[in-house]
Amino acid sequence: MQPRNMSMSGVVDLAAVKAAQEAKAKAEQARAEAARQGGPGAGAGVSPASLVIDVDEAGFERDVLQRSTEVPVVIDFWAEWCEPCKQLSPLLERLTQEYNGRFVLAKIDVDANQMLMQQFGVQGIPAVFAVVAGQALPLFQGAAPEAQIRQTLDQLIQVGEERFGLTGLVVDPNASGDEPQAAPEAPAGPYDALLEAAVQALDAGDLGGAVQAYKNVLSDDPGNTEAKLGLAQAELLRRVQDLDPAVVRKDAAEKPGDAAAQIAAADLDLVGGHVEDAFGRLVETVRRTAGEDREAARLRLLELFEVVGADDPRVTAARTALARVLF
């Protein structure tokens, strides 16, 4: 069977925004640091072996759909009797390890999982798909050349980063389990004083000082989870501190297609604890708008994801909703 290219044009955002570039750089630095040190930070990563998994119908929602809200998942549909599969599958497994957490490979035996094969509309194998934030994308069919596969994977990773803020997993070469390992307790680190200063600035209402303190930590330690969360929260509070809620709500109600009005209202929604309202408002704004307005709404949604936290089920649901309106 000859390879059949699956174009991803219209999905990849060629005009990479600064925020996406910074997220990519930070993730790469964090992965490199964890792999190099093999100490605190590395222990919080996944094992290399867990990047390639066998998936069946029973575990598909957990192993593919849920995982795709954290990292792109590439699906390899194969069978024991398929000769081209014997060429493609080892290549995909090797590339998965080489890309070091930028995506996860899920292998599905079509003979044992006919329902999944039908749901994806697989006409012949090998067939390779991807799932990003719950959204399925066809990649290619047949034993494609390695250069073509690399190009497709690079595009897929770009989609995950720029559209959904998925920067991949940190891989710990010393980990042996299939799940992320708990990081060992460590003595007070070099950033504790800066983090404490940020908290004190927040308590004193000095939002600008808090933002700068968190940025100082992230400039040296891009993977610092506490600083990333604190920065997102401080920036949100700084954005809303001078807003008149009544005016913002009125503008948002009267101008449903005005991206700026909806973005401001979403900030207020989140500060007020109405998380699902904030996410739903921005997803709908992305659906309604185009160009710079659409991009502004999408980026603000990614910022609010950071405030709430990637593990929150409301973030998972909103990522999936965002995927539906973007693709």
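User: What covers the buried residues of helix 3?
Analyst: The cover includes strand 2 (52-54), strand 3 (73-78), strand 4 (104-109), strand 5 (127-132), strand 6 (135-141) and helix 5 (146-164). Contact here means heavy atoms within 4.5 Å. Helices (H or I, at least four residues) and strands (E, at least two) are DSSP runs, numbered from the N terminus.

User: Before we go on, where does the model come from?
Analyst: It is predicted: local features need pLDDT of at least 70, side-chain atom pairs need 80 or more, and totals for chains, interfaces and linings use all residues. Residues are numbered from 1 along each chain, and side-chain values use heavy atoms, without hydrogens or water.

User: OK. Which residues of helix 3 are buried?
Analyst: C85, L88, S89, L91, L92, L95, T96 and Y99. Buried means under 20% relative accessible area (1.4 Å probe, protein chains only).

User: What comes just after helix 3?
Analyst: N100, with a positive phi of about 55°.

User: Switching to helix 10. How many of its residues are buried?
Analyst: 11 of 13, so helix 10 is mostly covered. Among them are I263, D267 and L270.

User: What do they pack against?
Analyst: Helix 8 (225-240), helix 9 (245-254), helix 11 (275-288) and helix 12 (291-308).

User: Which residue caps the N-terminal end of helix 10?
Analyst: D258. One of its side-chain oxygens lies 3.0 Å from the backbone nitrogen of A260.

User: And what follows helix 10?
Analyst: G273, whose phi is positive, near 90°.

Conventions: Buried < 20%, exposed > 50% of the residue type's maximum accessible area, 1.4 Å probe, protein only. Polar contact = N/O pair within 3.5 Å; in protein donor to acceptor, adjacent residues only side chain to side chain.
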